[in-house]
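I am keeping this notebook to record what I looked up in one protein structure, entry by entry. Here is the structure that I had open while writing.

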Amino acid sequence: PTPVPVHAQPLGIMASFDDELALFDAEINSIVTETETAPSTSKAAAPASISAPAVLTVPPVVLMPTVPVLLPPPINPIVNFGAAAALTNAGSFMLPPQLRNHHNQSGGGSQTVAPATIESKAQMYSTPKEDPAAKKVEEMKTMALPADVELNELRKAKQRNEQNSYLGQVQRGEKKMKRFVRCAGGETWEDPSLAEWDPADFRVFCGDLGNEVSDELLAKAFRKYPSFQKAKVVRDGKSNKSKGYGFVSFKSQEDYIRAMREMDGKYVGNRPIKLRKSNWKDRSMEVVKKKIKQKKKLGLI
């Protein structure tokens, strides 16, 4: 079958430039085959004139728009340093750093560096002398816990009270031991526990104490004052239950006044406490006898 000329086909059929070339070659081959298969009778007729050569019509070439090709950016050669360079250079893996090939960062290549020479001779290393002052600073300091601080403060207060107490004065030979006879409400009794207190202290009476208040809890409430010496909750001798009151001793009058002003009505345990000046000296048998004598002189008795 005779192929259809290229110009007779619609331009939409041609998909690309290669299809156009293929059609162009097929058209040329069809023209050559037609000239070779012409009948010999036309040659014997001796035409009177030579026909003009056939004009070959070339279809217009449709050029496809060129698409710019995006090339990847040039990749710089990776230069390894340090341990990576020693691993990549297998030949110089066992060589020291002075004999290995170092990469030239400016040119990207490698250059051989001359081996380094040690100019200084070997020296004897000696341990530096220790500074005693610096060693003391570097020593580890133990961190004191809050419970340890409280125990230390209680220990100091106890030592201060033992030193100033009547019993401590007796132990040092300053005074002789005596009996502490008490008198109140028409009753008389002996209280040996008064020997544990400082006879020249400033004592506070703490009332309205709860059953949960102990000697340690009462001392903790007043330990913030520097001259604090002793705190004690009075208990029943048989049942050991709290009687609801106690005493706090101070060596300094300033701390005594501050405590009376600041701690009155503050909670110690589950209740607010009530403070007033202790009149423990007024219940001593000696003081009671003096008062009775004064009343007799005045004629009140």
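Is D208 buried, partly exposed or exposed? I found that D208 is partly exposed, with a relative accessible area of 35%, where buried means under 20% relative accessible area, exposed means over 50%, and partly exposed lies in between (1.4 Å probe, protein chains only).

**Before going further**

I noted that this is a predicted model, in which local features need pLDDT of at least 70 and side-chain atom pairs count only at pLDDT 80 or more, while totals for chains, interfaces and linings use all residues. Residues are numbered from 1 along each chain as its sequence is written, and side-chain values use heavy atoms, with hydrogens and water left out.

**Entry: D208**

I placed D208 in the loop between β5 and α7, helices (H or I, at least four residues) and strands (E, at least two) being DSSP runs numbered from the N terminus. Although D208 is not a glycine, its phi is positive, at about 60°. I then saw that D208 forms a salt bridge with R271, with the closest N and O atoms 3.5 Å apart; the term means a side-chain nitrogen of Lys or Arg within 4 Å of a carboxyl oxygen of Asp or Glu. Because D208 lies in that loop and R271 in strand β9 (residues 271-272), the pair ties together parts that are 63 residues apart in sequence. R271 is partly exposed, with a relative accessible area of 39%.

N240 lies in the loop between β6 and β7, and it is exposed, with a relative accessible area of 51%.

**Entry: other salt bridges**

Searching the whole structure gives eight salt bridges. One of them joins the side chains of K230 and E196, at 3.9 Å from N to O. This pair links distant parts of the chain, with K230 in strand β6 (residues 228-235) and E196 in the loop between β4 (187-190) and β5 (202-207), 34 residues apart. K230 counts as buried at 18% relative accessibility, whereas E196, at 37%, counts as partly exposed.

Another joins E262 and R258, whose closest N and O atoms are 3.7 Å apart. Both residues lie in helix α8 (residues 253-262), four residues apart, which is about one turn of the helix. I also noted that D255, R258 and E262 are linked in a network of salt bridges.

**Entry: the largest nonpolar core**

Which residues touch the most other members of the largest nonpolar core? Of its 21 residues, they are C206, L218, F222, F228, V248, F250 and L275; such a core is a set of buried Ala, Val, Leu, Ile, Met, Phe, Trp, Tyr and Cys residues joined through side-chain atoms within 4.5 Å. The elements giving two or more residues to this core are β5, α7, β6, β7 (242-250) and α8, and α7 supplies the largest share, four residues.

Leaving aside residues up to four places away in sequence, I listed what V248 touches (heavy atoms within 4.5 Å), and among them are W197, F202, L218, F228 and K230.

**Entry: helix α5**

The buried residues of α5 are A157, N161 and N164. Seen down the axis of α5, they fall within an arc of 70° (taken from the directions from the helix axis to the C-beta atoms), so they line one face of the helix. These buried residues pack against α6 (166-171) and β6.
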